[in-house]
Amino acid sequence: MNAARVGRNDPCSCGSGQKYKKCCLLKNDETKRREAVAKASTEPETSKRKGRPESPADPWIEAWNARYEEFKAADYEKRIELFERTLNEPLLMDGEMAFTMLNELFYQAVECDERDRYDEWVERLRTAVPDVHEEEAGFLLENRIANAIAMRRPERVHEYTLELAARAEKKFEVWHRTESQLAYHGNMRTLIPAMRLVWPNIRDSEEILPWARQAFADRAIQYVILNSIEHTPALAGNDPALLEQIRFFWGANIDLERTAEIVTWQAGYLERRWIEDDFKLQPRKRRSRRTWDEDEDDDGDGRETADQPDTGARNLLNLTLQFVGHAHRFEGKPYSRAELARGEIYTFIARRQAGELEYRESMLDTALRASGRKHGPIKKFKPYDHLLCPDYERLDRYMAGLLDQFNVQLYPAVALLESVPTWMRFLQLRGLIDADGCRRTLHELQPLAANVLRIFKEMRSDRVLYEALLQWPEHATGEARIPGARLANQNSDPPAI
């Protein structure tokens with residue numbers, strides 16, 4: 001990890017698309033405040049031991065800490081009782097207390113199959129302490145949307161999503177997670193109007209970085225195109241209703257020729273005989289702070305800003321666009337889930353070709369090597385066989401990045417992994433690999449699928465993810481088969497939504 005200091009106006013390293021001062025700096029400040037509150041409760045004793053005058057204890061801090069510790073130690077029903085009691089004590093029920101209590105209660109309610117109770121608690125918070133409810137509305141709505149999806153209540157999903165969309169500029173990282181969740185579940189009926197609601201608020205926002213705004217618009221347009229293909233037989237690329245929807249996000253400067261081309265690839269109207277060399281990408285300049293998929297000139301949409309167009313990147317984009325249509329028509333994937341997977345497949349292949357996914361020593365090993373205390377060659381991943389076929393080592397590293405505990409991207413991760421078999425069959429159908437190459441790749445990746453399956457096995461908030469991974473060819477029981485694999489070594493607790 002780069003130890004360089006992140007400036008207040010730099011892109012936040014969590015990938016939300018916001019400036020650091022409006023994203024994780026606020027979270028870090030809140031963490032420091034919480035630590036200071038906890039430390040304050042022991043400060044008088046420490047001061048006495050050191051001979052300093054003892055400061056009078058702050059009654060609010062003592063009461064806050066006492067309630068916090070009591071809640072953490074309580075069982076489920078006792079926690080509910082403490083939450084309801086604290087609602088009547090507004091000085092204690094601040095944003096931090098509301099977040100702590102309702103975050104814990106959310107997962108316990110899911111475990112007990114009492115999701116409706118969570119909605120009741122949130123409504124009681126809204127009535128009792130409206131300002132605290134508004135402060136924590138982003139995270140509360142994220143959980144309510146997850147519950148509504150799990151309980152198959154589309155009208156509530158729609159209602160809560162639009163409520164979150166109205167707050168998206170200030171809660172952009174929360175919106176981004178919810179957007180991917182809706183895309184995974186194929187809910188374009190809600191996703192598209194919600195993105196239309198978000199767009200006017202972030203289009204010129206100084207809090208959202210330009211590349212993130214452009215990526216948002218590009219994703220929205222992809223969903224608009226796919227939704228139109230699904231509901232309009234023989235859709236034409238110059239369809240007036242389609243172009244009107246696209247103009248909402250792109251403005252008047254629509255590339256009509258490219259729009260028509262995208263429609264023909266995704267609708268399956270266009271065919272081409274490909275060879276592997278068609279997908280060799282031009283070398284890309286590495287960035288010091290941004291990852292590949294955060295670069296303004298390559299975020300999975302294949303747009304080029306270099307002096308020379310990258311034919312390989314355009315070909316890869318077209319192939320992945322064609323894959324989206326194939327995944328929907330022949331394997332029943334929701335269009336938006338296939339699109340979610342498409343972006344990750346494109347980015348993985350691009351980053352791998354750029355050398356972004358090679359083995360890297362730890363900072364400690366590098367320091368030891370520099371001081372002469374570590375010897376021997378630096379480990380290297382083995383060469384991969386095909387430009388378009390995932391290999392275990394680099395896909396393992398890419399997946400570890402998607403499931404990093406500080407930037408968990410559950411739905412893109414599962415969409416990618418569950419779509420790998422579909423991608424391999426698609427490549428075989430296009431004549432880019434043979435049947436033996438397809439089987440060999442899936443066999444090599446099977447232990448990785450087993451590792452990820454194990455991570456999601458105990459996940460209760462959205463069981464659809466685990467069930468999707470169970471469909472992987474020759475899936476194992478969840479035990480990792482390769483000792484030392486990145487994902488096998490991670491904590492077995494599932495990532496939190």
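**Reading salt bridges and a cavity**

Student: I see Arg124 and Glu84 with their side chains meeting in a salt bridge, 3.3 Å from N to O. What makes that a salt bridge?

Tutor: The cut-off does. A Lys or Arg side-chain nitrogen must lie within 4 Å of a carboxyl oxygen of Asp or Glu. At 3.3 Å, Arg124 and Glu84 qualify. Keep in mind that this is a predicted model.

Student: Where do the two residues sit?

Tutor: Arg124 is in helix α6, residues 115-128, and Glu84 is in helix α4. They are 40 residues apart, and the pair links distant parts of the chain.

Student: Which partner does Glu104 have?

Tutor: Arg79. Their closest N and O atoms are 3.5 Å apart.

Student: How is burial read here?

Tutor: Residue by residue. Buried means under 20% relative accessible area. Arg79 comes out at 8%, so it counts as buried. Glu104, at 25%, is partly exposed.

Student: What does Asp119 pair with?

Tutor: Arg156, in a salt bridge of 3.2 Å, N to O. Asp119 is in helix α6 and Arg156 in helix α9 (residues 154-165), so the bridge ties together parts 37 residues apart in sequence. Asp119 is buried at 6%, while Arg156 is partly exposed at 33%.

Student: Which network holds Asp119 and Arg156?

Tutor: A network of salt bridges that also links Asp116, Glu123, Arg126, Glu134, Arg144, Arg153, Glu163 and Arg167.

Student: How many salt bridges does the structure hold?

Tutor: It holds 38.

Student: Now empty space. What shows where it is left?

Tutor: Rolling a probe the size of a water molecule over the atoms. Here the count is 2 cavities of 30 Å³ or more.

Student: Which residues line the largest cavity?

Tutor: Ile345, Phe348, Ile349, Leu388, Pro390, Leu395, Leu416, Val420 and Trp423. Helices α16 (335-353) and α19 (410-429) each supply at least two residues of that lining.

Note on methods
Residues numbered from 1 in each chain as written. Predicted model: local features only at pLDDT ≥ 70, side-chain atom pairs only at ≥ 80, totals over all residues. Heavy atoms only, no water. Buried < 20%, exposed > 50% of the residue type's maximum accessible area, 1.4 Å probe, protein only. Helix = DSSP H or I, 4+ residues; strand = E, 2+ residues; numbered from the N terminus. 1 Å grid on protein atoms, 1.4 Å probe; cavity = no way out; pocket = protein on both sides within 12 Å on 5 of 7 lines; lining within 4 Å. Points joined across faces, edges and corners; volume = space filled by probe spheres on them.
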